[in-house]
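The entries follow in the order I made them.

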Amino acid sequence: MKRIRNFSIIAHIDHGKSTLSDRLIQTAHIVADRDFKDQILDNMDIERERGITIKSQTVCLPYVAADGQAYTLNLIDTPGHVDFSYEVSRALASCEGALLLIDASQGVEAQTLANLMLAMEHDLEIIPVINKIDLPSADIERVKQQIKEDLGLDPEGALLVSAKEGTGIAEAMEAIVHRLPPPKGDADAPLQALIFDSHYDPFRGTIVHFRVFQGAIKPGDRIRFLSNGYTYKVEEVGLFQIVRKPQRAIAAGEVGYLIAGIKTVSDTRCGDTITLHANPCPQPLPGFREAQPVVFASIYPVAADTYEELTVALEKLKLNDASLIYEKDTSAALGFGYRCGFLGLLHLDVVQERLEREYDQSIILTVPSVGYKLILNDGEEMMIDNPVLYPDPTTIQQSLEPYIRASIIVPDRYMGAVMKLALDRRGINKNYQYLTSNRLEMIFELPLSEVIYDFYDRLKTVTQGYGSFDYEIIEYRPGKLAKLDILINGERVDALSQLVHEDRAYSRARVACDKLAEEIPRQQFKIAIQGTIGGKIIARSTVNAFRKDVTAKCYGGDITRKRKLLEKQKKGKKRMKMVGKVMLPQSAFLAVLKSD
Ligand code: GDP
Ligand code: MG
């Protein structure tokens, strides 16, 4: 155990975590250089495109240090987005130390600080690493000053690295060995292991990623998950070295995987404790919490006859994504679908993209909503996230909406712009403080419903990309809630209904009507679009009937061109949904989300 180091790399997005991880893996020579793909750790397409890690990957690196001793370095990767902060906290709980990576030209940003706080909560030993020192805009002295003043760490201990060029990597490996503490634990005590992640393998079922704190685990053991009491017989245990390397046992202090015929990842919960059925540990490891969805939306197939396919696709996706929850939903306009709960908007985006790209589903996503709490006249409480289930307003005594505490870090020249944005979104400025002479942290309390659509995008725009944003949900507060309905040619389209704050009702209705009018193609007849609340019309717009056939201007001469046009129209139609007599394109459902 003296020769094991368990550590994470934590950083603000884009500061070079994946690049550095790849360098460390390359140095350990566990994959042949010719097989070395860029950014091995981010192996999902969507992650690569967006440059963020959603599923964490762990890797066990053998390393012979300058002192001639052989060490095992377990690099535990963490997801890189606020939506996944619980998963991050479980990964950090599995470590003794962390490299805190800071971009030499960007300096300390919101998630640098947020991640450092998380790491300190787990009493991790922190090594600051200044990355991208090769950049002409690198300002090492400034970053060192921030490390001292903003982070309260010793800047003299900071490593200077260029993950891209490979500078300072050897020093980083030595620092991991000599500056991070080894794990503690008793391999003979009853098993106590922490699940920090899991993924699904089509051949072997769920692969559980865990860290052993006490005892040991080996094939043939009957294990038990403390949160749900499920028991399984262990088939295989091993280490992650890009490929799985089976072992005879994984003991206290070590990190590894197990395979035990577990059907879906939903049976394994991040943060749960694994013990032995016959000789259980006296108590679970601290900090277990069920994943809580915060954003809800319905998913419908564009063509009703692909509902079964969508069902299968969601089941498969769920195998790998325990935090996705869904149940059957029906809509008068769209037929059968699913109501889904997501950890945040990014999670929603990822699910939508994976359904479309990996599972080839053509889907319609309804307006996302947060969960509201209603207190009814008879004193009963109900949670509601689906406009379709909104009760008769006269039976509601009070509605409550979730609030967040947001931390926004910006250069102080953007203070006014950020203040305006946040106040426009019903935010309350609680506090602000200078982190450096010109860098400001502003704390706001905001309704979650006001940030889920495009707050982050707007923040980036008004701060020219400099603003960073982090949040946590704090509590439910009273808020005036109303249900906005959209009528198309007099017919209510339930899938376009949204739950809105009363003060927002007019502007949301206006936006929805305008956007729908832009998105709905002209058809043979005039289409009236109306926004209503409790039957009262508060906004309207119109799509005029079209005058000529699209092919009319081809003069009948150019047959191929005509055919191409028709082909194109047909493709367009695949993403259209008939609602009554009106064809609604998929884009119409997304359009109502945009706020301006
Ligand atoms: P992550 O979001 O923290 O995982 O960051 P990535 O590792 O994906 O890196 C973000 C971007 O910074 C990529 O374009 C990298 O090529 C680049 N990058 C990472 N490390 C360095 C470095 O040391 N020098 C330079 N110039 N660019 C780097
Ligand atoms: Mg990355």
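At what angle do helix H9 and helix H11 pack, and how far apart are their axes? I am working from a predicted model. I looked up H9 as residues 415–424 and H11 as residues 455–462. Their packing angle is about 155°, and the axes are 10 Å apart. Angles over 145 degrees count as roughly antiparallel, so H9 and H11 are roughly antiparallel to each other. The crossing of H9 past H11 is right-handed. On the H9 side, I noted Ala417, Val418, Leu421 and Ala422 in the contact. H11 brings Phe455, Arg458, Leu459 and Val462 to the contact. I sorted the residues of this H9–H11 contact by class: seven are nonpolar, one is charged and none is polar.

Next entry: H7 and H8. Helix H7 covers residues 307–320, and helix H8 covers residues 345–357. I read a packing angle of about 125° and axes 11 Å apart. H7 and H8 are therefore oblique to each other. H7 passes H8 in a right-handed crossing. Which residues make the contact between H7 and H8? From H7, I listed Leu310, Ala313, Leu314 and Leu317. From H8, I listed Val351, Arg354 and Leu355. In the contact of H7 with H8, I have six nonpolar residues, one charged and no polar.

Then I turned to H3 and H4. Helix H3 spans residues 85–93, and helix H4 spans residues 110–121. Their axes come within 9 Å and cross at roughly 45°. That angle makes H3 oblique to H4. The crossing of H3 and H4 is right-handed. What does H3 present to H4? I found Val88, Ser89 and Leu92 of H3 meeting Asn115, Leu118 and Ala119 of H4. By class, the contact of H3 with H4 holds four nonpolar residues, two polar and no charged.

Ligand entry. Which residues come nearest to ligand 1? I counted 16 residues around ligand 1, and the nearest are Asp14, Lys17, Ser18, Thr19 and Asp134. I also looked up polar atoms beside oxygen atoms of the ligand. Asn131 has a polar side-chain atom 3.1 Å from an oxygen atom of ligand 1. For Lys132, a polar side-chain atom lies 2.9 Å from an oxygen atom of ligand 1. With Lys164, the atom is a backbone N or O, and it lies 3.1 Å from an oxygen atom of ligand 1.

Last entry: Ile30. Where is Ile30 found? I placed Ile30 in the loop between helix H1 (17–28) and helix H2 (45–50). I set aside its neighbours within four places in sequence and listed the contacts of Ile30. They are Ile25, Val59, Cys60, Leu61, Pro62, Gln241 and Ile242. I also checked Ile30 against Gly229: they are 199 residues apart in sequence. In space, C-alpha to C-alpha, Ile30 and Gly229 are 37 Å apart.

Technical notes. Residues are numbered from 1 along each chain as its sequence is written. Chains are lettered from A and ligands numbered from 1 in the order in which they are written. This is a predicted model: local features need pLDDT of at least 70, side-chain atom pairs count only at pLDDT 80 or more; totals for chains, interfaces and linings use all residues. Side-chain values use heavy atoms; hydrogens and water are left out. Axes are lines fitted to C-alpha atoms, for helices over the stretch in contact, and angles run from 0 to 180 degrees between N-to-C directions. Helices (H or I, at least four residues) and strands (E, at least two) are DSSP runs, numbered from the N terminus. Angles under 35 degrees count as roughly parallel, over 145 as roughly antiparallel, 65 to 115 as roughly perpendicular and the rest as oblique. A crossing is left-handed if the near helix is turned anticlockwise from the far one by less than a right angle, and right-handed if clockwise. Contact means heavy atoms within 4.5 Å. Ala, Val, Leu, Ile, Met, Phe, Trp, Tyr, Cys and Pro count as nonpolar, Asp, Glu, Lys and Arg as charged, and the others, Gly among them, as polar. A residue is near a molecule or strand if one of its heavy atoms lies within 4 Å of it. A polar contact is a pair of N or O atoms within 3.5 Å; within protein, one must be able to donate a hydrogen and the other to accept it, and residues adjacent in sequence count only if both atoms are side-chain atoms.
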